[in-house]
Amino acid sequence: MYHYDELDRTLVKERVAEFRDQVARRLSGELTEDEFKPLRLMNGVYLQLHAYMLRTAIPYGTLSSEQLRMLAHVARRYDRGYGHFTTRQNIQYHWIKLEELPDAMADLAGVGMHGMQTSGNCVRNITTDQWAGVAPDEIEDPRIWAELVRQHVTLHPEFSFLPRKFKIAVGASSHDRAALAIHDLALRLHRNGAGEMGFEVMVGGGLGRTPFLAKTIKPFLHKRDVLSYVEAVLRTYNSFGRRDNIYKARIKILVHELGAEAFAKEVEGEWQSTKDGALALDPAVLAEIAARFTYPDYLKLKDSPPAIAQARRADPGFDAWMGNSVANHKVPGYAIVTLSLKPEGGTPGDATAEQMDAIADLADRYSFGEVRVGHEQNLVLPHVAQRDLPELHRALDAIGVATPNVGLITDIISCPGLDYCSLANARSIPIAQEITRRFKNLELARNLGRLHINISGCINACGHHHVGHIGILGVEKNGEEVYQITLGGKADENAKLGALIGPAVPYAQVADVIEDIAAAYIELRARPDELFIDTVKRTGVEPFRERVYATR
Amino acid sequence: MPLVKAGKIVDDQYVRVLDDAPLPDGVPVLLTAARFLADAPELVERDAPVGVLWPNDRRVTELAPWIDRLALIALVFPKFRDGRAYSQARLLRERYGFRGELRATGDVLRDQFQFLLRAGFDALEVKKPADAAVFAEAAARFSVFYQPSADGGLPALRRRLQGTPVARVEPTGPAQSGRPDDKLRESRERTIG
């Protein structure tokens, strides 16, 4: 956990006071909606189809049980009893009243939470691996760096009015669970040939109507230079990013138009003038931040206690869940448990206040009071003693978050779509719900293996459809919702954008098409353990296209 | 548009000459970038202060040769959402050591005051009189900052190391001119004491 101090808390409180004043000015008419808009956006407040929406940051996806209880309270007191976890380690409330927003924010501030910079043209919530600090394959806890950068860009006097939003992710594992390649700026911690640790810096990733994967502009950046280099990138973007067209304003377009090399050169020139200045990282500053991340007092336990094997033999449900939702922890005798927020017929990423409260209690009992949120819109209990797994499974199952479908075809990433969002052209959630019904048979889903479906309800791509193994993009054509299907995308360390398989299909046919694609994969795969994504890579989209359009 | 300097609404001493008209003698003038650069060597020899209105899409490096001879640089916010001049301001103060008046013009609103001061502006042409009237309050809305900035405020990362308690800072208005380094030192001494 990261522990806020008085300075952090003061800033969050001052922010609430500022927002209270801005809402009062809006309600009195002193501010027009146009003038209020960028101010509310700086606090994560959007005006959606039915109501204002409040987005709250969960920096690097780490929550205490106390914070999760507060999220439950806000859902219950100010919303309709639920919240929606997003693809960027945020939670959204979709039914908040403007007059009550300052109170909701004050309640959140009580546990150090806020919506600062969860929207608007500023540096957004810094994201990272939801397994940070516990993943066996990481070389250092990336949250220390995420927190350093988070602090540095909060209310930054130079970078709060950028051409467009700016998303930063930090990773430190060989396997990328933070989708680094689709971020405006990604920092990947790794070791160079000399064994020193530093960052690979990638810029210009992003989805939307012009998707790009991030390009490496600095293969190795010394740790001491991380803030000065991030500032050099931001200054270059702030100075030269396009402001004439909102669709061309992201840094990816600047990088594309200049070329990555020319962009890197511009950044390098800027950085050379500042790298030895005030931003050169003082080890004492870093140590101070690192010291406020505390780790549990783990017990000395052995891996794979015999009771687990017995329980697996005795209970097929537990066995399936163990095989699906439980991952290795870096400490012997412990496990990382993913809580699926993707039940059959559910809205991906939604959790009720009751579920959140129950999960907070379970976190206290089984996970040292800590919960994580991942970009796949699931929750994680990061420090579970393996011997507690059978008990924990029963408790999770009772509240509906133990569906053993993590990473399977029904573990769908979806944006809110036309049901909530004023930008959407098409519904996303009902498509996801229908697919979970079609593949509710776990045998079938397991036979299909790892398969990610990502759904966006418009070209802005909040559901990351470009990087889904199967991507579904809703668009509007002659007043009808139709859906483009892409195959072969992925957001990991070998990130790739999916390829379109053919003409868009109507709303009513999407689930049928997904079934056709699944059936085609079963026939096409070289071996039962060839993953869907590998089959697509080997065969290309052509055989899938033939199958899908043969009868349409 | 009220001009706010050092926390007070003041009269603008500068006459804007935004074309090729002859310059009035003995009076501070504010010129366009093109006019200034065309005659810079003669203009800086004038017996009255010279300022330049610098657009936000032109590199401030061009002003480097004249930085010590300019009394005023006015930067432009065509819309408050267009934040390019924040970068220009920091460059002028921190890299080129500009110590004259750095003025924000255009869509300058109260919710940006603190950003502007921290980026190094010390004079604000405020768009709405109502915003200028609440300057002191708006300029002191936040007392905690994480990053070092051109106004010399001590960042939270440093304050923590020094064990400095959080104290509500009295509104001081726009930063006084002076070298950023000096101010950083002063503020450190102040907060430590």
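At what angle do the axes of helix H16 (residues 510-524) and helix H18 (residues 542-549) of chain A cross? The axes cross at roughly 130 degrees and come within 9 Å. Axes here are lines fitted to C-alpha atoms, for helices over the stretch in contact, and angles run from 0 to 180 degrees between N-to-C directions. H16(A) and H18(A) are therefore oblique to each other. (Angles under 35 degrees count as roughly parallel, over 145 as roughly antiparallel, 65 to 115 as roughly perpendicular and the rest as oblique.)

The model is predicted: local features need pLDDT of at least 70, side-chain atom pairs count only at pLDDT 80 or more, and totals for chains, interfaces and linings use all residues. Residues are numbered from 1 along each chain as its sequence is written, while chains are lettered from A and ligands numbered from 1 in the order in which they are written.

From H16(A), Val513(A), Asp516(A), Ile517(A), Ala520(A) and Leu524(A) meet Pro543(A), Phe544(A), Arg547(A) and Val548(A) of H18(A). Contact requires C-beta atoms, placed from the backbone, within 7 Å. By class, this contact has seven nonpolar, no polar and two charged residues. (Ala, Val, Leu, Ile, Met, Phe, Trp, Tyr, Cys and Pro count as nonpolar, Asp, Glu, Lys and Arg as charged, and the others, Gly among them, as polar.)

A further helix pair is H5(A) and H9(A). Their axes lie 10 Å apart, at an angle of about 115 degrees. That makes H5(A) roughly perpendicular to H9(A). Ile144(A), Glu147(A) and Leu148(A) of H5(A) touch Leu286(A), Ile289(A) and Ala290(A) of H9(A). Five of these residues are nonpolar, none is polar and one is charged.

Chain A as a whole holds 18 helices and 21 strands. Helices (H or I, at least four residues) and strands (E, at least two) are DSSP runs, numbered from the N terminus. The C-alpha atoms fill a box of roughly 60 × 60 × 60 Å along the principal axes. Among contacts between residues at least 6 apart in sequence, 68% join residues at least 24 apart.

Chain A also touches chain B. The contact takes 29 residues from chain A and 27 residues from chain B. Helices H1 (6-27), H2 (33-41), H5 (143-153), H6 (226-240) and H9 (283-291) of chain A each give two or more residues to this side. H1(A) gives the most, with six residues. The chain A side has 11 nonpolar, 10 polar and eight charged residues.

Terms used: Contact = placed C-beta atoms within 7 Å.
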